[in-house]
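The following exercises ask the reader to work from the coordinates to a description of the fold. Each task is followed by a solution in steps.

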Amino acid sequence: MEKSVTERYPEVLLETRGLTKYFGGLAAVSRLDMHVNRGEIVGIIGPNGAGKTTVFNLITGVLRPSGGKIIFDGEDITGKKPHLAAKIGIGRTFQAAYLFADFTVMENLVASFYLYPKFSFWEAALNTPGYRKKEEYISNQAMEILQLVGLDKVKDELAKNLPHGYQKVLGVARALAVKPKLLLLDEPIAGMTRDEIVFSLGVFEKIQSQGTTILLVEHNMEFMSLCDRVIVLNFGQKIAEGLPEEVRRDEDVIQAYFGSEHAA
Amino acid sequence: MKGIRNLTKPAGFAIFIILLFLIPLIIQKPYYIHIFIITMLYIIVVSSLRTIALSGQVSVAHAAFMGIGAYFSGVVSKELGFSPWLTIPLGGLAAMMVAILVGYPFTRVRAIYFSMVSLFGGIAIVALIRVAQKWTGAAGLAGIPPLDPINIPGLVNITFVGQKVPYYYFTLVLTIVCLLVLYRIEHSRVGMTWKAIAQSHFVASSVGINEAGFRVLALAVGCFFAGIAGASYAHYNLVLAPGTFSFLPSIFLVMYMLVGGRDKFAGPIIGTAILVLVLEFFRGLREYAPLILGAIMLLVVFLMPQGIAGLFDQIRAKYGEVRNRKVPGSVA
């Protein structure tokens, strides 16, 4: 018999307790308790406006929570600045294909290797031999990631000239440059063609197999089969959680997605 | 073929710089030498303004930071008797310190809001210069010492008092050094990080870039060089008036940069050279200077949004074939 999810991934990496965010009087996220274990792929799904992206923005510090706690790798990171989230090992992509539009694909990656290795202003300005060695190391690493996600063939194209699917994959590649323990993917396959989706799923599995934990947001139910576990949000509240096939049969979930007459 | 093309650019620069060194031999009228000196000082200032703009922020207080360098160096050398050779770098550091102090609150706002806040900051700095009239003389600071003579017995003996040509060479060397440093910084990872922030601060912070820190760094570097140029100006002009560093001159600096083209390193150099000359040409119509600059500015914005330095690219994009386009998969 297959092991249960908790047995396969026993260690908690990310946990939120009573996480709440108000926009004015509206609760975008309301008393959310959830956790992600090390090594898992967890999906957050829910209809539009359910608060999925807000959860990401709270975890990465783009937004400050109105209440509750976020604990990552044993450390309270509630309300930390976005660049510190990257520093402690949280990489992320954005729903819209945010990128450094006027950089080439390669430059996008090189610029994203900001944290590792460290460089100082003076060694960069003086172009010291040690600094040049770091540059070389970075371009090798960048090339490795581009090969992993299959963008090595377009490395000299301007990011803004890439097709939409490639731009989203570039977002994933860029997030990998921070060597994340946890990778947050915000609607990673939205707007992609069939082929691009199949390819991306392969990439995500490869990333997971290298030991990176993945938390992703989707509103497409079909995409859930990739996940070890699924959390369903509606109006900022968790309405269901479990294995993909369990959640798919859950009545509350069906109701949230299709309205009450479909729930039988 | 490629080797030759790689050589033409440095060779062109070398010839250009040699020509600049020969100019005092060809042009002897002090007035023209004066214009060259002023143009070069402003090239440093506008290039440093562009350095700040690399991180996505257009400062409308840059003349004020030039003023901090000028007044600091002028007052310290006059009152305390320090050599201008020492107070010029100190003037740069003073401008840099102020930039760091005001920089952090400034980074809370972006884009046009940053420009607005910087505008008020610039006005405040000039007001402070006027208020400190015990040292700055309110309406004007006179009696600033000129550069000390360089005297190495038996080798060189250069005196600066009442001479234009030594100042010309001093400013030329200073400009070349400053531009080289700014160029190096822009083409290092620091410059790349600034450009990344300018393109998307969301993405930049998502990969761990400390946006506030790097924006303050850009301000610090930019204001340091503005301060250096301002201080050099003080010991050349020997008289300072707060109006030189007020709001309108700050706007002019932004215009020089935009007319030249902010995307290219050569932009500020071209823009400043052309516009300083234009302003000198219309010297008799001094009160109409903003009008003339404004008209030029409008023309540039409508006809060549990338500035004069970007004109070549613009024409090529419109009429020419796409040259040197990188083919996917090719080895760079």
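Two strands count as paired if DSSP finds at least two bridges between them. The model examined here is predicted.

**Exercise 1. Determine in which order the strands of the open sheet in chain A are arranged, and which of them are edge strands.**

Solution.
- Step 1. Strands of a sheet pair through backbone hydrogen bonds, either parallel or antiparallel.
- Step 2. In chain A, four strands form an open sheet with the order S2-S1-S4-S5, and their pairing is antiparallel.
- Step 3. Strand S2 (26–37) and strand S5 (75–76) of chain A each pair on one side only, and these are the edge strands.
- Step 4. Strand S1 (residues 12–23) of chain A is joined to S2(A) by eight bridges in the antiparallel sense. A:Tyr22 has A:Ala27 in S2(A) as its bridge partner.

**Exercise 2. State which strands of chain A helix H2 lies across, and at what angle H2 runs to S2(A).**

Solution.
- Step 1. Helix H2 (residues 52–59) of chain A lies across S1, S2 and strand S4 (67–72) of chain A.
- Step 2. The angle between H2(A) and S2(A) is about 70°.

**Exercise 3. Describe the extent of chain B and compare its radius of gyration with the globule rule.**

Solution.
- Step 1. Chain B contains 14 helices and two strands.
- Step 2. Its radius of gyration is 21 Å, close to the 20 Å given by the globule rule for 332 residues, so chain B is as compact as a globular protein of that length.
- Step 3. The C-alpha trace of chain B spans about 65 × 50 × 45 Å along its principal axes.

**Exercise 4. Characterise the packing of H11(B) against H13(B).**

Solution.
- Step 1. Helix H11 (residues 247–260) and helix H13 (residues 289–303) of chain B pack at an angle of about 30°, their axes being 10 Å apart.
- Step 2. Angles under 35 degrees count as roughly parallel; H11(B) and H13(B) are therefore roughly parallel to each other.
- Step 3. The crossing of H11(B) past H13(B) is left-handed.
- Step 4. From H11(B), B:Leu248, B:Phe252, B:Met255, B:Leu258 and B:Val259 meet B:Pro290, B:Leu293, B:Ile296, B:Met297 and B:Val300 of H13(B). By class, this contact has 10 nonpolar, no polar and no charged residues.

**Exercise 5. Identify which helix of chain B supplies the largest share of the side that touches chain A.**

Solution.
- Step 1. Contacts link 25 residues of chain B with 28 residues of chain A.
- Step 2. At least two residues of this side of chain B come from each of helix H7 (165–186), helix H8 (189–199), helix H9 (201–206) and helix H10 (211–237).
- Step 3. H8(B) gives the largest share, six residues.
- Step 4. By class, the side of chain B that touches chain A has 11 nonpolar, 10 polar and four charged residues.

Conventions
Residues numbered from 1 in each chain as written. Chains lettered and ligands numbered in written order. Predicted model: local features only at pLDDT ≥ 70, side-chain atom pairs only at ≥ 80, totals over all residues. Axes fitted to C-alpha atoms, helices over the stretch in contact; angles between N-to-C directions. Parallel < 35°, antiparallel > 145°, perpendicular 65-115°, else oblique. Left-handed = near helix turned anticlockwise from the far one by under 90°. Contact = placed C-beta atoms within 7 Å. Nonpolar A, V, L, I, M, F, W, Y, C, P; charged D, E, K, R; others polar. Rg over C-alpha atoms; globule rule 2.2 N^0.38 Å.
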